[in-house]
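Student: I have a new chain to get to know. Could you take me through it by question and answer?

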Amino acid sequence: MLSTTRRLPRVLKSPIFIFPQRLVAPETPRACLQWRKLTTLSGITRGCVEQHSMWKMMTWRALLSSEASAVEAMPTEAVKELYDRMLESVKVKRSMPPNAWLWSLIENCNNQDDIKLLFDILQNLRRFRLSNLRIHSNFNCNLCQEVTKACARVGALDLGKKALWKHNVYGLTPSIGSAHHLLTYAKQHNDVKLMTDVMTLLKDNDLPLQAGTADIVFSICYNTDNWKLMSKYSKRFVEAGVKLRRSAFDVWMEFAAKIGDVESLWEIEKLRSESWKKHTVVSGFSCAKGLLLEHKPEEAAAVIQKLLNQTDAKEPKIAVELQKLVSEWPLEVIKRQKEEDRMAVAVSLNSDIPVMLSKTGLEVSVNMKDLTSKEGILC
């Protein structure tokens, strides 16, 4: 009995070892047996058993967690195999691997670890071209576009942004097309930060803006309700001499009309008219909204009537825009006004919109809420 009692402190100090992939309490089962010999108290015995069960559960959880992390962190088999073959080619055989291997590696990238291997092999290929083949030029821009496309596909955004630097260690030749892949990702995810990062990179690396760039950037600004960025980047596109497409003007003008910025709306309309003679349905209705805000319902009706007379205008689309002008836009634009101005704007639109509708001659069923009601003013 005395020897058993002396062993008790050593049992209570049983060490616990923590390893990266498992948790082990080596003396826990033996400790439980000794506790059973030392006491007959069922509560203590049950506590020891529960402690052992808890350790088993924690061990399994640690193993499962480690295995899951390992799976997520590992590159795909196809990419790893291609990477190894290409690395062997430049490191051991001292020869440039076939282009088809690189294209295949890019196509098979499915996670961020695949992209890391891609960038690593690109750096090795560039180094080999310089040291062994004496080729100082970068790869062509088509490769950079495919690389950034793969980065966007798997969400490896930081590496994708590195591909836009004109001086990089990967031998990539950035282009505006490469940037469009990242901007498209930003549009799909409403990622304003990524958009601003890419626009900064375009400026820092002297990549020219294009009309397609404006389409994507304007859409992101509109979808995220960021008029400040819309104003900033639209000015940059205009100053760069980019000829904006009708679609870009549509988004820009619709945004200005939505927030009730009439002054900006007419400035945009002036720029649009210099590039495009005819209105689209969206730009025409944006102008009509601006005229309504200036208490000119007859002129707003004339704009809509002119849209109807255009051979390429679609009456069903006009009917849809008219319904939106009546039922959605007033509440939106009132909400954007200063609190002390909301009632005046509501009263004006409540009286002017019916006048505009009567002048268009359109037989369109529209439902108009009383904008001067509490719901209309406080929306």
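Tutor: First, a term. A crossing is left-handed if the near helix is turned anticlockwise from the far one by less than a right angle, and right-handed if clockwise. Note too that this is a predicted model.

Student: What is the handedness of the crossing of α10 and α11?

Tutor: Helix α10 covers residues 192-204 and helix α11 residues 211-223. Their axes come within 11 Å. By the definition above, the crossing of α10 and α11 is left-handed.

Student: Are α10 and α11 roughly parallel or roughly antiparallel?

Tutor: The axes of α10 and α11 cross at roughly 150°. Angles over 145 degrees count as roughly antiparallel. So α10 and α11 are roughly antiparallel.

Student: How many nonpolar, polar and charged residues are in the contact of α10 with α11?

Tutor: From α10 come M195, M199 and L202. They meet T213, V217, I220 and C221 of α11. By class, that contact has six nonpolar, one polar and no charged residues.

Student: Are α15 and α17 roughly parallel or roughly antiparallel?

Tutor: Helix α15 spans residues 281-293 and helix α17 spans 315-327. Their axes lie 11 Å apart, at an angle of about 30°. Angles under 35 degrees count as roughly parallel. Therefore α15 and α17 are roughly parallel.

Student: In which hand does α15 pass α17, and how many residues of their contact are charged?

Tutor: The crossing of α15 past α17 is right-handed. On the α15 side, the contact is made by V281, V282, F285, K289 and L292. On the α17 side, K317, I318, E321, L322 and L325 make it. Seven of the contact residues are nonpolar, none is polar, and the charged ones number three.

Student: Which loop holds Q310, and which residues is Q310 in contact with beyond its neighbours within four places in sequence?

Tutor: Q310 sits between α16 (297-309) and α17, in the loop. Its relative accessible area is 13%, so Q310 is buried. Leaving aside neighbours within four places in sequence, Q310 contacts K278 and H279.

Student: Is K296 buried or partly exposed?

Tutor: K296 lies in the loop between α15 and α16. The C-alpha atoms of K296 and V355 are 9.6 Å apart, although 59 residues separate them along the chain. Buried means under 20% relative accessible area. K296 has 32%, so K296 is partly exposed.

Student: Why do the buried residues of α5 lie on the same side of the helix?

Tutor: In α5 (residues 99-107), L102, L105 and I106 are buried. An α-helix has 3.6 residues a turn, so residues three or four places apart point the same way.

Student: Where is C109, and what is its relative accessibility?

Tutor: C109 is in the loop between α5 and α6. Beyond its neighbours within four places in sequence, C109 contacts V79, D114, I115, L118, R153 and V154. C109 counts as buried because its relative accessibility is 0%.

Student: How far apart in space are A156 and D114?

Tutor: A156 lies in the loop between α7 (141-154) and α8 (157-162). A156 counts as buried, at 3% relative accessibility. Leaving aside neighbours within four places in sequence, A156 contacts Q112, I115 and C151. A156 and D114 are 42 residues apart in sequence, yet C-alpha to C-alpha they are 9.6 Å apart.

Student: What is the phi of R94, and what is that of D225?

Tutor: Most residues other than glycine have a negative phi. R94 lies in the loop between α4 and α5, and D225 in the loop between α11 and α12 (227-239). Neither is a glycine, and phi is positive in both. For R94 phi is about 55°, and for D225 phi is near 60°.

Methods
Residues numbered from 1 in each chain as written. Predicted model: local features only at pLDDT ≥ 70, side-chain atom pairs only at ≥ 80, totals over all residues. Heavy atoms only, no water. Helix = DSSP H or I, 4+ residues; strand = E, 2+ residues; numbered from the N terminus. Buried < 20%, exposed > 50% of the residue type's maximum accessible area, 1.4 Å probe, protein only. Contact = heavy atoms within 4.5 Å. Axes fitted to C-alpha atoms, helices over the stretch in contact; angles between N-to-C directions. Parallel < 35°, antiparallel > 145°, perpendicular 65-115°, else oblique. Nonpolar A, V, L, I, M, F, W, Y, C, P; charged D, E, K, R; others polar.
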